[in-house]
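Welcome, and please open the model in your viewer. We will go from stop to stop, selecting a few residues at each one.

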Amino acid sequence: MVRPRKKYTVHDLRKLKGKRCLTHIHVKSPQEAMAAEAAGIDLMSCSFDSPEAQARLPLLAAAAPTAFLSGSTPHGMATQEEAIRTGFRALEMGASSVYCSGSPFLIEAMAREGIPVVGHIGMVPRHVTWTGYRSLGKTVDEAKAIYQKMKDLENAGAYAAEIEIVPHNLASWLSKQTSMLLMSLGSGTGCDTQFLFSCDILGDYDERIPRHAKSYRNFAEENRRLQNERIAAFSEYVADVNEGRFPERSHLTEMDSALLDEVVKTVSGL
């Protein structure tokens, strides 16, 4: 199978480091992936951490055939062999790279086999029990720990790392201290990409939007409106059936009455 040529390769992205900030969206459906590609989004990511997400990845890749798409690996990969198999499976299903919030031990194994890997520094939602939901790196010790984690990922072979909810001035400095691309989620403009989730951009939920995000539409309200329209349409259908307004003659086909009489006489005579 000849695959479509992607807009970027890892080689291309590395050459862009420090030259311009790339746009980056986490997408959740083929419709979102298609829209992101049409809008000119540089990079996309998606989940690859459940059977449902893994089945969806080829659909996303087909909907945005030139997109550089990263799939997030399952939390709790237990061995390097499992990490390698997961990484190759994601690539075979259409991913351009994989995201892993696990340790450098797992990332090194995938990178050693030529799998492009994105690590994670700063606040890691999967590890939030150790830190709480807050900005990390405001103290000297935390900032030094983030720097060391960044270097550990770099030495393990990661080509990029998501940097989440880190003080913007610290993140800007860190970006200059590494060959990796740093992908900012709430960590300011001094990194190599600006990363947001599609549900934040679209306003596709009822909770308070996170401080680091910006909503450009109100899909939650639109979805409520559509649901009310569904209920109203179904209710009108029920009323039409119960009161004899549906189906009307225009909805039906009709047999010639003479032919129907012939069938009735023939059957009745049996």
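A residue is called exposed when its relative accessible area is over 50%, and buried when that value is under 20%. Keep in mind as you look around that this is a predicted model.

**Stop one: helix H6.** Select residues 140-156, the span of helix H6, and pick out Val140 within it. Is Val140 buried or exposed? Its relative accessible area is 61%, so Val140 is exposed.

**Stop two: helix H5.** Next, select residues 104-112, which form helix H5, and highlight the buried residues Leu106, Ile107, Ala109 and Met110. These four lie on the same side of H5, because they cover an arc of only 160 degrees around the axis. What do the buried residues of H5 pack against? Their partners are helix H4 (80-92), strand S4 (97-99), strand S5 (117-122) and H6, our previous stop.

**Stop three: Ile165.** Move on to the loop between strand S6 (160-164) and helix H7 (168-175), where you will find Ile165. This residue is not a glycine, yet its phi is positive, near 50 degrees. Ile165 has 16% relative accessibility, so it counts as buried.

**Last stop: Pro247.** Finally, go to the loop that runs between helix H9 (219-242) and helix H10 (257-268), and select Pro247 there. Show Phe246 as well: the peptide bond joining Phe246 and Pro247 is cis, with omega about 0 degrees.

Methods
Residues numbered from 1 in each chain as written. Predicted model: local features only at pLDDT ≥ 70, side-chain atom pairs only at ≥ 80, totals over all residues. Heavy atoms only, no water. Helix = DSSP H or I, 4+ residues; strand = E, 2+ residues; numbered from the N terminus. Buried < 20%, exposed > 50% of the residue type's maximum accessible area, 1.4 Å probe, protein only. Arc of directions from axis to C-beta. Contact = heavy atoms within 4.5 Å.
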